[in-house]
Amino acid sequence: MKNIILRSYCPADLDTIERLFYETVHTVNAADYSPEQLDAWAPGQIDRPRWDCSLQEHFTRVALIGDQIAGFGDIAADGYLDRLYVHRDFQRCGVASAICDALENYARSLGLTAVTTHASVTARPFFEKRGYRVLRERQVRRAGVILINYRMERILERG
């Protein structure tokens with residue numbers, strides 16, 4: 001496992017996060033989604049003001065390996081884990097687990113008893129290994145294209 005440092009999000013991270021999001025979706029998720037679905041999910045431009053605002057409002061952690069942003073994730077105060085993305089070069093290095101641990105610990109600190117997320121086909125096994133269960137399969141329409149994902153929940157143990 002590489003040395004992973006977690007820190008808070010700052011607006012200067014947005015350019016790197018935008019690239020990381022696009023590249024991750026178009027490489028890591030390519031085995032589970034068609035090119036048309038990948039383009040609908042991550043068309044190459046995000047709504048930067050909206051993303052920046054939500055990343056600042058949410059509890060957001062940015063993972064660094066060396067001086068490179070290796071991943072990021074955020075959770076809202078109601079326990080909704082909104083985003084969790086890891087750079088393609090840092091898959092299976094513990095980055096997602098480190099971020100997820102921090103997000104779930106934050107939810108516990110708020111007294112929440114559960115965390116929910118909408119997990120991609122690709123991410124579903126990761127979340128299942130962490131104790132999340134599928135509540136239902138969803139079909140989401142983005143740019144006229146149907147994407148499958150899963151509403152998942154993890155009951156948080158105290159500790």
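Before the first stop, one term: two strands count as paired if DSSP finds at least two bridges between them. Also keep in mind that this is a predicted model.

Start by selecting strand E1, residues 5-8, together with strand E2, residues 59-65. These two pair in the antiparallel sense over 4 bridges. Zoom in on Ile5, and you'll find that its bridge partner in E2 is Leu64.

Which residue of E3 is the bridge partner of Leu64? That's Ile69.

Now show the side chains of E2. Are they buried or exposed? Phe59, Arg61, Ala63 and Ile65 point one way, Thr60, Val62 and Leu64 point the other way, and all are buried.

Next, head for the largest pocket, with about 1,200 Å³ of space. Select Trp41, Leu84, Tyr85, Ser120 and Ala123, the closest to its centre among the 46 lining residues. Several elements give two or more residues to the lining, including helix H1 (14-28), helix H4 (95-109) and strand E7 (145-155). Strand E4 (80-86) is on that list as well, and gives the most, with 7 residues.

Finally, colour the lining by residue type: you'll get 25 nonpolar, 12 polar and 9 charged residues.

Terms used. Residues are numbered from 1 along each chain as its sequence is written. This is a predicted model: local features need pLDDT of at least 70, side-chain atom pairs count only at pLDDT 80 or more; totals for chains, interfaces and linings use all residues. Side-chain values use heavy atoms; hydrogens and water are left out. On a 1 Å grid over the protein atoms alone, a cavity is a set of points where a 1.4 Å probe fits but cannot get out, and a pocket is an open set with protein on both sides within 12 Å along at least five of seven lines; lining residues have an atom within 4 Å of a point. Grid points are joined across faces, edges and corners, and a volume is the space filled by probe spheres set on the points. Ala, Val, Leu, Ile, Met, Phe, Trp, Tyr, Cys and Pro count as nonpolar, Asp, Glu, Lys and Arg as charged, and the others, Gly among them, as polar. Buried means under 20% relative accessible area, exposed over 50%, partly exposed in between (1.4 Å probe, protein chains only).
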